[in-house]
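Student: I would like to learn how to read a protein model. Could we go through it feature by feature?

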Amino acid sequence: MATRFPARPAEPASGFSLVECLLAVAIFSLGLLGAGALISERLKESRAAHSYFLAEMLAQDLAARIGASPSAAGGGELGAWRRQAASALPGLQCEVTALGGTPPAYRVEMRWPTGADDAGRLVLWTGQ
């Protein structure tokens, strides 16, 4: 006669099921996608801010040159400045308009590409 041992009491299951693991991985991957999109957007904004900073520095340089010598607003000096500025900020376009007056006043408008569908613009006046 075989001896019968009493059945073991049922133990609660421990560990994770496959569905729980897949759900955790899906939630984690959505978080990573959101973080990646946020980082990408911040990098784009950082590049645009840097280009605005460069344009402002270039505009201040041009305004100082015009203030020192009003003839710098046209001719060879402006061409040399444009070449130098284009190497610092690719795609930069600059228009200098004489407004007249004594001392002479000038309007400087600068435009440059900042992204695929956006362009930067900076306008400043020098003189009176």
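Student: Which residue in S3 does Met110 stand opposite?

Tutor: Strands (E, at least two residues) and helices (H or I, at least four) are DSSP runs, numbered from the N terminus. Two strands pair if DSSP finds at least two bridges between them. Here Met110 stands opposite Leu122 in S3. Cys94 also stands opposite Met110, which lies in S2. The model is a predicted one, in which local features need pLDDT of at least 70 and side-chain atom pairs count only at pLDDT 80 or more, while totals for chains, interfaces and linings use all residues. Residues are numbered from 1 along each chain as its sequence is written, and side-chain values use heavy atoms, with hydrogens and water left out.

Student: How many bridges join S2 to S3?

Tutor: There are 8 bridges between S2 and S3, and the two strands run antiparallel. S1 and S2 (residues 105-113) are also antiparallel, over 7 bridges.

Student: What lies between S1 and S2 in the hairpin?

Tutor: The hairpin of S1 and S2 has 4 residues between the strands. Gly101 is in that turn, with a positive phi of about 95°.

Student: What is the order of the strands in the open sheet?

Tutor: The sheet has 3 strands in the order S1-S2-S3, with antiparallel pairing. S1 (93-100) and S3 (119-126) are the edge strands; each has a single partner strand, so one side of each has no neighbour in the sheet. From one strand to the next, the twist averages 15°. As a general idea, side chains in a regular strand alternate between the two faces of the sheet.

Student: Which strands does helix H1 lie across?

Tutor: Angles are taken between N-to-C directions and run from 0 to 180 degrees; the axes are lines fitted to C-alpha atoms, for helices over the stretch in contact. Contact means heavy atoms within 4.5 Å. Helix H1 (residues 18-68) lies across S1, S2 and S3, at about 25° to S3. Helix H2 (residues 76-88) lies across S1 and S2, at about 150° to S1.

Student: How is a pair of aromatic rings described?

Tutor: The description uses the distance of the centres and the angle of the planes. Rings of Phe, Tyr and Trp (its six-membered ring) pair if their centres lie within 6.5 Å; planes under 30 degrees apart count as stacked, over 60 as edge-to-face and the rest as tilted. By this rule there is 1 aromatic pair. Tyr52 and Trp112 form this edge-to-face pair, at 5.1 Å centre to centre and 75° between the planes. The pair links distant parts of the chain, with Tyr52 in helix H1 and Trp112 in strand S2, 60 residues apart.

Student: Is Trp112 buried or exposed?

Tutor: Buried means under 20% relative accessible area, exposed over 50%, and partly exposed in between (1.4 Å probe, protein chains only). Trp112 has a relative accessible area of 2%, so it is buried. Tyr52, at 36%, is partly exposed. Ala26, in helix H1, is partly exposed too, with 35% relative accessibility.

Student: How many Å apart in space are Ala26 and Ala98?

Tutor: From C-alpha to C-alpha they are 62 Å apart, and in sequence 72 residues apart. Gly127 and Leu62 are 65 residues apart along the chain, with 12 Å between their C-alpha atoms.

Student: Where is Gly127, in which segment?

Tutor: Gly127 is in the segment after S3. Its relative accessible area is 59%, so Gly127 is exposed. Leaving out residues up to four places away in sequence, Gly127 touches Pro104 and Ala105.

Student: What is the order of elements from the N terminus on?

Tutor: The elements run α-α-β-β-β. The radius of gyration, taken over C-alpha atoms, can be set against the globule rule of 2.2 Å times the number of residues to the power 0.38. For this chain the radius is 33 Å, well over the 14 Å that the rule gives for 128 residues, so the chain is more spread out than a compact globule. Along its principal axes the C-alpha trace spans about 125 × 25 × 25 Å. Of the 128 residues, 20% count as buried.
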